[in-house]
Amino acid sequence: MTDSVLYSVLLLTSLGVIAAVVLYIVSKKFYVYENPLIAEVDEILPGANCAGCGSPGCKSFAEKLVNTEDISDLFCPVGGNDVMKQVAALLGKEVAEKAPTVAVVRCQGACDVRPKTTEYQGPRTCAISAMVYSGETDCQYGCLGDGDCVAVCDFDAMYMDEKTGLPVIDTDKCTSCGACVKACPRDIIEMRPKNKRDLKVFVGCLNEDKGGIAKKSCEVACIGCSKCEDVCTKGAITMHNNLAYIDADLCTLCRKCVDVCPTHSIIATNFPQKKPKKVVVKKIIEKAVEKVEAEKVKAEKTEVEKVAVVKKEIVAKVKLENPKTDA
Amino acid sequence: MLKTFPKGGIHPPENKITSSIGIKRMTVPKVVNVPIAQHIGIPAEIVVDRKDKVEIGQIIAKSGGFVSSNIHSPVAGTVTKIDQIIDTSGYKKQCIVIRTDAKNEANFEEVTYPLLKEIKLEPKEIIQRISDFGIVGLGGATFPSQVKLNVKEGTKLDCLIINGVECEPYLTADHRLMLEKAEEIVVGIKILMKALHLKKAVIGIENNKKDAISIFKNIIKKEDGIQVAALQVKYPQGGEKQLVKAILGREVPKNGLPLDVGVIVHNVGTIFAIYEAIQHTKPLTERVVTVTGKHLETPSNFWVKIGTPIKDLIAEVGGLPEGTRKLVNGGPMMGKAIKNTDVPVTKGTSGILVISEDEASRGKSENCIRCGECVSVCPMGLEPHLLMNLSEKGMYEKASNEDIMTCIECGSCSYVCPSNRPLLDYIRFGKNIVKKLQTSKN
Amino acid sequence: MSQPIIVSASPHVHSDRTSKKLMYDVVIALIPAFLVSLYVFGIGALIVTAAAVISCLVFEYLIQKYLLKSEITVGDGSALITGILLAFNLPSGIPIWMIVVGSLVAIGIGKLSFGGLGFNIFNPALVGRVFLLISFPVQMTTWPTAVENQTALADAVTGATPLGVIKEGLMFGETMSEIGSRIPSAIDMLLGITGGSIGEMSAIALLIGGIYLIIRKVITWHIPITMLVTMAVMTGIFWLVDGEHYASPVIHILSGGALLGAFFMATDLVTSPMTKKGMIIFAIGIGVITVIIRLFGAYPEGVSFAILIMNAFVPLINTYFKPRRFGSKIKVKIV
């Protein structure tokens with residue numbers, strides 16, 4: 001009995017010792033030198049591994065930061081200027097300061113303004129349905145609505161609005177990693193400067209069709225009328241292929257273009273009072289109100305007419321009953 | 001035992017409703033929309049302007065590169081505009097819109113060409129003519145024919161195979177053409193044999209077209225070197241690689257061409273177009289199109305001008321029946337569903353299929369039950385369930401190692417899958433990505 | 001057009017086979033065997049089968065609805081088959097609460113814990129069965145004999161299966177010729193007048209079901225035939241060498257779960273290999289392991305264990321036995 005206990009203890013101990021020796025030798029022999037700075041930089045980086053910087057992960061970005069001489073081109077969009085400053089201080093290199101950006105969805109083609117003319121059947125991912133054809137609506141530039149962008153967002157900053165069928169970006173959570181921009185087969189999502197208080201003015205449409213066709217496929221499409229181009233005093237708006245584009249660097253957020261756009265395809269976000277979506281909604285509400293009022297008026301008219309007829313009848317009756325009074 | 005390819009394949013219901021209906025000439029459309037990207041490769045370059053008058057057979061778009069093709073005006077008339085029109089790809093593409101001149105008699109003449117057997121042109125001239133006259137593979141792939149025929153010096157080549165298989169259900173365009181133009185097709189074969197200095201040609205026809213087989217057997221009695229191979233009915237026998245394997249027993253290597261095993265394959269429609277181009281100097285401006293569907297009033301085969309809007313074709317067969325839910329350009333296995341009826345007929349349109357509600361809807365995709373049916377029907381020896389999984393999960397490198405690129409997109413796997421899984425959709429997607437990765441690497 | 005036209009990628013037609021139809025074909029194929037057991041064991045067989053089927057369906061529903069909160073797929077027929085196959089592997093006198101436990105293990109652990117239909121590695125019915133066999137060996141090997149009156153419940157104190165008799169006999173040093181008189185004749189085993197689980201009674205009924213499945217193309221011949229041939233060859237060799245200590249291949253194939261396993265359990269679509277080559281390897285493996293367990297193991301019967309063991313190898317088989325790629329071997333002579 002004691003023998004077997006002793007043997008097993010000895011056996012296990014000797015196994016342990018042998019394994020330790022082997023491990024020690026291997027770790028010495030195959031040791032790879034790594035710059036300790038890399039680990040330090042990696043520590044500073046956000047660790048989201050989102051690949052927004054262009055490197056596959058934070059570790060490889062750290063390697064790149066340490067190993068390249070001039071890192072002014074490199075930027076971590078998630079960490080932003082703060083992180084880059086820390087990295088620069090650690091490495092003693094220069095970094096360029098960048099204005100924070102945020103993703104915007106450049107399509108307003110919700111279900112009610114952009115009718116579906118066909119039905120797509122197959123895997124519900126934008127990448128595949130874009131391969132099959134130009135989409136369920138007649139607009140071949142706009143959002144396909146299958147949410148590839150939402151699926152790739154690592155920061156929970158996007159969701160699909162069930163009513164409109166369009167993706168919505170939570171600008172507070174958006175780190176501008178650019179994953180959604182890459183995922184979108186239609187290139188609807190663009191990175192634009194966040195500005196103060198997240199004020200942005202941009203064209204919410206990518207339709208390059210001629211005005212009539214564009215308008216037919218989507219009520220809020222840019223019809224290429226170039227009114228915005230004319231009204232812009234800073235030359236920030238350019239027209240290309242029947243489509244307006246606002247250069248964010250030149251734009252002063254004056255919002256003149258927003259007011260002149262006949263199809264309300266220019267979006268201004270987070271400005272007081274006027275919110276872009278409301279414009280569309282307002283228009284619809286106005287229309288509806290008008291319709292209701294028109295009907296009311298019509299109803300009133302008929303009511304008035306009815307009353308008049310009844311009045312006449314009563315008068316006639318009264319006349320009949322009291323023929324003498326008049327006479 | 002009839003010949004066929006050994007591995008995989010399916011037997012979808014044939015539904016060849018129109019096989020006994022002769023090819024009629026379709027009324028000349030008022031307007032044709034001729035897309036400039038009708039073939040695989042680089043789109044042609046437009047050489048006409050708005051308001052230009054064009055004649056039948058005049059070049060309106062010139063070949064844009066080595067793998068490209070000329071495009072000729074199918075009608076005499078006026079170019080009204082150059083517009084973006086949705087074509088069979090589902091996207092808006094450049095189209096030349098030509099209004100037919102109602103007064104020009106050339107549009108309405110029914111030209112009947114006599115059979116010309118003597119081949120006057122020299123091999124080089126033949127290939128040049130095929131290139132000039134915009135001939136592309138009419139089986140559906142629309143690969144410019146001259147590229148296939150430009151065989152490098154020293155390449156070993158011993159057999160021409162004529163693809164008269166037409167394994168797609170519903171379609172009968174090639175079948176009717178073989179019945180009605182057999183003599184011409186045989187002359188066309190001899191033209192190609194001369195051009196390629198070949199002594200052997202085999203016409204492959206599936207055994208469900210016994211009439212065509214017997215017609216060709218009669219004609220070739222007088223000809224040297226041309227044979228007819230009757231093949232067992234099995235989809236996708238019309239695939240080049242499957243056809244070469246079925247007829248000659250030669251296996252085209254992975255990622256290779258039939259040329260690698262000394263064979264060139266051409267569709268019967270292409271052969272007929274070549275015959276007309278060489279013997280009657282007629283460019284490719286029309287083709288046979290089967291307009292079919294179970295609920296159509298009069299499904300038929302037509303000679304159709306390239307660029308005719310599909311709605312004109314549908315009007316010709318009695319209009320869209322109630323409850324139509326899907327329109328397919330091509331056959332039901334490999335054709336593309338189209339978005340609306342303004343889509344024009346192109347050189348690759350072998351049929352228009354009108355599908356009603358009951359057949360149009362795809363079943364709901366369920367879990368893979370690993371029955372292995374897709375593996376056993378795949379004619380290329382692939383594992384579709386695995387490839388779908390890999391491309392769904394984004395493992396493109398592995399998919400490439402599993403030979404995703406050799407998939408011929410015949411759709412047999414999606415057809416048999418009892419769980420209605422969109423196998424081919426994902427495989428096609430995976431192929432696209434792998435192709436992009438490969439080109440970016442090179 | 002009232003509704004918009006549909007656009008989808010090719011192909012635009014689909015064969016009329018669906019997973020549901022496949023599942024119900026399996027159920028149809030199991031009917032003959034069920035009728036035989038009904039005849040032999042009377043109402044007990046019906047009670048066991050009904051209990052297994054109902055509890056499998058109920059557990060699938062409950063787990064999917066409340067535990068996984070996933071889509072409910074009770075109607076796809078797979079839980080039904082699991083229930084029937086589980087019942088077919090149980091003796092007719094087993095207490096109902098054990099059936100319920102077995103069903104829970106089969107559906108809960110065998111199937112849904114892997115992710116539901118299509119993701120399970122092991123045949124769920126066999127997982128349930130083996131769980132019960134190991135947990136309750138006595139009840140699981142108490143085989144009632146045939147009943148006189150089909151409405152009566154079987155008497156639970158009875159004989160053993162032919163394989164059990166042989167095993168026991170050989171252990172006590174008897175020879176086959178001595179045991180021979182105590183086991184049923186081959187004809188009896190064909191018809192099903194023997195002891196055993198509910199579903200493994202009649203070889204003929206199982207064969208009819210198996211042939212139906214092959215005709216309907218639900219299964220291919222590869223697995224059942226290879227497995228049976230392997231078993232026959234292996235037991236045949238032992239029998240020829242020493243006929244006194246090893247039973248003949250006929251007894252081995254006709255008795256016990258060999259046929260039920262070959263046609264219905266090993267061929268389970270989810271847990272068998274995808275390629276024909278793989279199927280043959282898989283079936284040979286099952287045959288060999290079954291024979292080894294039957295001849296040298298502690299249990300008289302080994303089909304369930306053999307199938308479960310080979311189930312574990314299926315992913316490996318799928319990885320290494322791929323179909324031959326078209327064009328991977330080039331051998332061409334151009335004249």
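This is a predicted model: local features need pLDDT of at least 70, side-chain atom pairs count only at pLDDT 80 or more; totals for chains, interfaces and linings use all residues.

Analyst: Helix 2 of chain A (residues 36–44) packs with helix 4 of chain A (residues 80–91) at an angle of about 160°, and their axes are 10 Å apart. An angle over 145 degrees counts as roughly antiparallel, and therefore helix 2 of chain A and helix 4 of chain A are roughly antiparallel to each other. The crossing of these two helices is right-handed.

Who's doing the touching? Helix 2 of chain A brings A:Leu37, A:Glu40, A:Val41 and A:Ile44, while helix 4 of chain A brings A:Val83, A:Gln86, A:Val87, A:Leu90 and A:Leu91. By class, that contact has seven nonpolar residues, one polar and one charged.

Chain B has a helix pair to set beside that one. Helix 1 of chain B (residues 123–132) and helix 4 of chain B (residues 182–196) pack at an angle of about 120°, with axes 8 Å apart. That angle makes helix 1 of chain B oblique to helix 4 of chain B, and their crossing is left-handed. On the helix 1 side the contact uses B:Pro123, B:Ile126 and B:Ile127, and on the helix 4 side B:Ile191, B:Lys194 and B:Ala195. Five of the contact residues are nonpolar, none is polar and one is charged.

Now step back to the domains of chain B. The domain assignment gives domain 1 (29–100 + 285–358), domain 2 (123–280) and domain 3 (373–441). The centres of domain 1 and domain 2 of chain B, taken over C-alpha atoms, are 24 Å apart. Across that boundary, 27 residues of domain 1 of chain B are in contact with 20 residues of domain 2 of chain B. On the domain 1 side, the elements giving two or more residues are strand 6 (71–72), strand 13 (286–292) and strand 17 (351–356) of chain B.

Last stop, the interface with chain C: 58 residues of chain B are in contact with 36 residues of chain C. The elements of chain B that give two or more residues are strand 15 (324–329), strand 16 (336–337), helix 9 (357–360), helix 13 (412–416) and helix 14 (423–441). Strand 15 of chain B makes the largest share, with five residues.

Note on methods
Residues are numbered from 1 along each chain as its sequence is written. Chains are lettered from A and ligands numbered from 1 in the order in which they are written. Axes are lines fitted to C-alpha atoms, for helices over the stretch in contact, and angles run from 0 to 180 degrees between N-to-C directions. Helices (H or I, at least four residues) and strands (E, at least two) are DSSP runs, numbered from the N terminus. Angles under 35 degrees count as roughly parallel, over 145 as roughly antiparallel, 65 to 115 as roughly perpendicular and the rest as oblique. A crossing is left-handed if the near helix is turned anticlockwise from the far one by less than a right angle, and right-handed if clockwise. Two residues are in contact if their C-beta atoms, placed from the backbone, lie within 7 Å. Ala, Val, Leu, Ile, Met, Phe, Trp, Tyr, Cys and Pro count as nonpolar, Asp, Glu, Lys and Arg as charged, and the others, Gly among them, as polar. Domain bounds come from an automatic or database domain assignment.
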